[in-house]
Amino acid sequence: MLRTIANALASAAVAAVVALSASGASAGPTLDRIISEKKLVVGVAPWNKFVLLNPKTSQYEGLIVDDIRNLEAMTGIKVELVNTTWSGLVAGLQAGKWDVIMSGLGATPERATAVAFGEAFGYLSSTAMVRADSPVRTFADLDKEGSVLSVVSGTAAQQYAQRTFKKAKVTPLSDTGAAVLEVMQGRSTAYIGDSVSNELRAQERPTELRNIKFASDQTEWTSMNHAVRYADLDLLVFLDTYVRSMKLRGWYRNLAEKWNLPPELAVGPR
């Protein structure tokens, strides 16, 4: 099904890119270079099931990687993935190390002061990961004096935790592995992360970890977006055209199913 969709749209998308290049349309220097060189440099951060380097194959895998490869096939523009940390995504974009962030970075007003976000292609809510033997069961159990919540620096979960938990201490760490390890070794009460990743970790380690979902008025939904420099809004228009087209064709629902991810990832809160 995925291959069929990609093949059906490939010719039209490639023709559109060629037409833009041939007509000398008023694209900015970044998009002009991308089209003329047929090369797009993309910043990504590790995220299980979305963007992750398989050590056995030395190839990136996941929902976002499939989406990027589909964009490649449809446009003829080769994508170079540059691996970084979540906290380094925006700084690397602004420094010109990559043309676009395609790692599912959530669009927030705070981040929008630094980068321009495109059309959402996925949706996540915030949950808490605790030790399986923890007495913590609810949001109220967590928001107490003495509670320590580990988060990954630079993520939407960090912003959510700092904004929402009034009594618990929020501790930002450099990556997910370090933040979850704090919980497993008892130095943090919980790790605050996205609903999909936390549920997967709980399923993988049921005797060690447990995922706590919050009530609808206690959690926050975030979107998954591509982001560019404000000087490159024409590149964002180009990418948004792709995202909107693929959403209408059910592409992201199919990708969620392929990677055994919840269907709400593609449709958001209802």
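Guide: The lining of the largest pocket is made up of 16 nonpolar, 15 polar and six charged residues. Here Ala, Val, Leu, Ile, Met, Phe, Trp, Tyr, Cys and Pro count as nonpolar, Asp, Glu, Lys and Arg as charged, and the others, Gly among them, as polar. The model is predicted, so local features need pLDDT of at least 70 and side-chain atom pairs count only at pLDDT 80 or more, while totals for chains, interfaces and linings use all residues. Residues are numbered from 1 along each chain as its sequence is written, and side-chain values use heavy atoms, with hydrogens and water left out.

The space in the largest pocket is about 720 Å³. Its lining has 37 residues, of which Trp47, Thr176, Tyr191, Asp194 and Arg201 are the closest to the centre. A pocket is an open set of points on a 1 Å grid over the protein atoms alone, with protein on both sides within 12 Å along at least five of seven lines; a cavity is a set where a 1.4 Å probe fits but cannot get out, and lining residues have an atom within 4 Å of a point. Grid points are joined across faces, edges and corners, and a volume is the space filled by probe spheres set on the points.

Helix α7 (176-184) gives the largest share of the pocket lining, five residues. Other elements that each supply at least two residues include β7 (122-131) and α8 (195-204). Helices (H or I, at least four residues) and strands (E, at least two) are DSSP runs, numbered from the N terminus.

There is also one cavity of 30 Å³ or more. Among the residues that line the largest cavity are Leu63, Tyr252 and Ala256, and this lining has seven nonpolar, one polar and no charged residues.

Leu63, Tyr252 and Ala256 also take part in the packing of α3 and α10, where Leu63, Asp66, Asp67 and Asn70 of α3 meet Trp251, Tyr252, Leu255, Ala256 and Lys258 of α10; contact means heavy atoms within 4.5 Å. By class, this contact has five nonpolar, one polar and three charged residues. The two helices, α3 (residues 63-75) and α10, pack at an angle of about 135°, with axes 10 Å apart. Axes are lines fitted to C-alpha atoms, for helices over the stretch in contact, and angles run from 0 to 180 degrees between N-to-C directions. The helices α3 and α10 are therefore oblique to each other, since angles under 35 degrees count as roughly parallel, over 145 as roughly antiparallel, 65 to 115 as roughly perpendicular and the rest as oblique.
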